[in-house]
Amino acid sequence: MTLTSGTHLGPYEIVAPLGQGGMGEVYKARDTRLDRIVAIKILPEEMAGDPEFRERFEREARTISSLDHPHICALYDVGDAPNPESQIPNPLPIRFLVMQYLDGETLAARLKKGALPLDQVLRYAIEIADALDKAHRAGITHRDLKPGNVMLTKSGSKLLDFGLAKLRPAGGTAPRGGLGLSALPTEESLTAHGTILGTMQYMAPEQLEGKEADARTDIFAFGAVVYEMATGKKAFEGKSHASLIGAIMSSDPPAMSALQPMTPLALNRVVKRCLAKDPDERWQTANDLTDQLRWISESGSQTGAAIAAAGPARRNWLKRLGWAAAGLAACAIVGVAVWILKPAPAATVTRFAMSLPSGQRLDLGRPALALSPDGTRLAYAASSTNGAV
């Protein structure tokens with residue numbers, strides 16, 4: 001279904017198309033009542049015609065519209081209108097969502113240019129995690145978090161598509177027709193290398209197994225998104241659905257620090273825990289995750305950035321320090337060698353002559369001489385010429 005410029009859906013006038021995906025078409029439109037620009041998403045016709053789906057959708061839309069958060073795209077309205085483009089009798093009405101219009105680019109578009117700077121990674125990660133926490137506290141699980149559902153604007157990031165991603169049927173069963181909304185195909189075409197892109201690359205193992213999703217499912221997808229922001233590489237890749245599913249179910253991606261050496265180790269640990277295969281081993285709440293990311297932003301990232309900025313100067317300083325240490329060591333070795341090899345001082349020889357008093361002679365049959373310790377006195381044993389000692 002394609003709407004032309006000037007088409008009216010109730011009070012909303014279509015201005016231009018914005019994009020198209022598996023979930024429907026998105027248009028830029030003008031709210032004629034409030035004279036403001038909005039974004040309108042047209043729901044697939046097969047969903048709009050299901051009464052059970054409409055009831056569930058409206059209930060969920062009311063819940064999501066209550067999410068007032070600076071980093072969640074606001075849902076303004078939900079409604080239906082006659083299909084002016086249909087050529088068939090009694091066409092189904094068009095079901096649509098009216099959302100906040102955001103001027104910017106999606107994170108998916110930005111990632112085509114490569115990894116984001118660390119300060120932006122942490123900023124957007126904190127904003128997205130805080131938005132998830134707000135939704136989870138309201139009992140809402142996104143179930144389709146991916147770069148294509150994050151818009152980057154001048155005021156920061158905005159999380160999109162809450163109105164479509166989480167429509168959990170009562171009793172946990174799939175809606176009629178088989179698939180739930182988050183399982184609808186939203187994949188892009190294959191790359192030149194044959195890598196499949198799209199929603200599946202951000203699905204947690206329990207989603208692939210068809211199990212019930214909860215907040216920890218969003219946390220897994222969040223980890224995959226942050227990994228891609230920091231490295232410019234997807235956490236999980238494969239040349240086929242089977243190989244991609246195998247990677248998500250049984251493989252761990254390389255550490256972010258191995259691809260981006262200046263990544264703080266603390267951020268590496270946070271993302272690794274997000275990507276744990278077992279939901280019980282992940283962060284259990286987005287609030288805890290947000291606190292960790294804020295701590296890294298306030299401490300670890302600044303240290304890493306400082307080291308990165310001072311890297312060349314620090315290396316030169318260490319090089320100079322090494323040469324100085326080598327010079328000191330050489331001087332010490334030379335000094336020790338000179339001290340060891342220097343010649344011993346020449347011995348001082350003192351000679352003197354002593355005359356015995358008249359009538360005395362040395363007694364040569366016993367120790368006759370003794371020198372005092374300080375070398376200033378001499379004692380001797382003598383006998384008189386008449387034999388007296």
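Over the ring of which residue does the charged end of Arg 36 sit? The charged end of Arg 36 sits over the ring of Tyr 76, 3.8 Å from its centre, where a charge counts as sitting over a ring if NZ of Lys or CZ of Arg is within 6 Å of the ring centre and within 35 degrees of the ring normal. Arg 273 is placed in this way over the ring of Trp 283, at 4.0 Å from the centre.

The model is predicted, so that local features need pLDDT of at least 70 and side-chain atom pairs count only at pLDDT 80 or more, while totals for chains, interfaces and linings use all residues. Residues are numbered from 1 along each chain as its sequence is written, and side-chain values use heavy atoms, with hydrogens and water left out.

A search of the whole structure finds two aromatic pairs, a pair being rings of Phe, Tyr and Trp (its six-membered ring) with centres within 6.5 Å, called stacked if the planes are under 30 degrees apart, edge-to-face if over 60 and tilted for the rest. Tyr 12 and Phe 96 form an edge-to-face pair, 6.0 Å centre to centre with 75° between the planes. Because Tyr 12 lies in strand β2 and Phe 96 in strand β6, this pair ties together parts that are 84 residues apart in sequence; strands are DSSP runs of E, at least two residues, and helices runs of H or I, at least four, numbered from the N terminus. The rings of Phe 220 and Phe 236 are stacked, since their centres are 5.8 Å apart and their planes at 10°.
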